Amino acid sequence: MWLIMAILSAFFAGITSILAKCGIKKTDSDVVTALRTVVVLLFSWIMVFVVGSVGTIIEIDGKSLVFLILSGLATGASWICYFKALSIGDVNKVVPIDKSSTILSVLAAIILFGEIQNLGVKLIGTVILTIGIFLMIEKKQGDGICEERGWLIYAVLSAIFAALTSILAKIGITGVESNLGTAIRTSVVLVMAWVIVFMKKKQAQIKEVNKKEFAYIFFSGIATGASWLCYYYAIQNGIVSVVVPIDKLSIIVTVIFSYLVFKEKLSKKAFIGLLLMVLGTLVMAIWS
């Protein structure tokens with residue numbers, strides 16, 4: 001079941017990137033993050049009540065709560081950087097860098113959680129992933145230095161915070177029902193996102209969001225919520241060093257839709273990189 005959930009997580013995450021990109025054509029990325037988080041939060045708590053785990057919130061120990069909060073803060077930082085990168089860069093360039101968090105997550109899972117089963121296979125898969133990511137994020141001709149550095153910096157920061165999220169969540173969600181853990185983390189992200197909006201005095205821009213972009217932001221939040229619920233169920237019940245790479249296969253969904261929606265084509269090197277990312281993931285998922 002956790003393997004199926006990891007696959008569903010990848011599917012919904014892939015859709016999220018496209019819907020979010022559509023929703024930030026005119027809307028500020030910080031505002032988008034804050035609005036999306038409201039939708040994700042509602043979706044998360046609805047699922048908590050559906051599965052009947054709300055009563056277990058008083059049973060969460062201090063350690064789990066602290067790590068869930070830290071995981072939420074890391075998620076908020078990752079989101080803010082990710083959607084800023086999406087707002088100024090191509091989807092097919094930003095997403096692969098964000099997915100490089102897989103490498104850090106897998107290595108951390110091996111070191112921190114002792115997931116050394118079939119260690120050689122995991123390391124081989126990680127190397128293949130790394131090569132694939134490198135090929136996909138290769139700088140395209142025609143990019144200006146400032147433009148390149150802008151989206152690249154935000155995308156790299158997004159990957160670092162995303163890796164921290166997976167590790168902190170694994171620790172925090174131990175003994176906590178996965179839907180409840182997701183809802184608590186999302187609550188932290190919500191507070192963080194809106195604090196940033198008000199600190200930057202962007203709250204007035206909320207009224208300026210047009211209906212079409214708001215619809216994309218709304219459905220992006222729904223897709224994110226679905227992805228999170230599947231992901232953290234898989235994280236809680238499965239092997240982190242296998243779940244994380246599978247989740248990152250969302251890039252396949254993203255690449256397909258970015259071509260259909262934004263007409264963003266992959267170069268030959270980038271396509272080879274995509275194939276290597278898929279191969280590396282399958283190696284870890286099947287033989288780990």
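Guide: Happy to! A salt bridge here is a side-chain nitrogen of Lys or Arg within 4 Å of a carboxyl oxygen of Asp or Glu. Keep in mind that this is a predicted model.

Visitor: Okay, how many salt bridges does the count come to?

Guide: The count comes to three. In one of them, Lys 202 pairs with Asp 28, with the closest N and O atoms 3.1 Å apart. That pair links distant parts of the chain, 174 residues apart: Lys 202 is in the loop between α8 and α9, Asp 28 in the loop between α1 and α2.

Visitor: Are those two buried or exposed?

Guide: Both Lys 202 and Asp 28 are buried.

Visitor: And which residue forms a salt bridge with Lys 200?

Guide: Asp 30 does, with the closest N and O atoms 3.0 Å apart. Asp 30 counts as buried because its relative accessibility is 6%, under the 20% cut-off. Lys 200, at 48%, is partly exposed. Lys 202 also forms a salt bridge with Asp 30, at 2.6 Å between the closest N and O atoms. Shared partners join Asp 28, Asp 30, Lys 200 and Lys 202 into one network.

Visitor: Nice. Switching topic: which residues touch the most other members of the largest nonpolar core?

Guide: Leu 86, Val 94, Tyr 232, Ile 235 and Ile 251, in a core of 46 residues. Helix α9 gives the largest share, six residues.

Visitor: What does Tyr 232 touch?

Guide: Setting aside residues up to four places away in sequence, Tyr 232 touches Thr 165, Ala 169, Ile 173, Ser 178, Thr 182 and Arg 185.

Notes: Residues are numbered from 1 along each chain as its sequence is written. This is a predicted model: local features need pLDDT of at least 70, side-chain atom pairs count only at pLDDT 80 or more; totals for chains, interfaces and linings use all residues. Side-chain values use heavy atoms; hydrogens and water are left out. A nonpolar core is a set of buried Ala, Val, Leu, Ile, Met, Phe, Trp, Tyr and Cys residues joined through side-chain atoms within 4.5 Å. Buried means under 20% relative accessible area, exposed over 50%, partly exposed in between (1.4 Å probe, protein chains only). Helices (H or I, at least four residues) and strands (E, at least two) are DSSP runs, numbered from the N terminus. Contact means heavy atoms within 4.5 Å.
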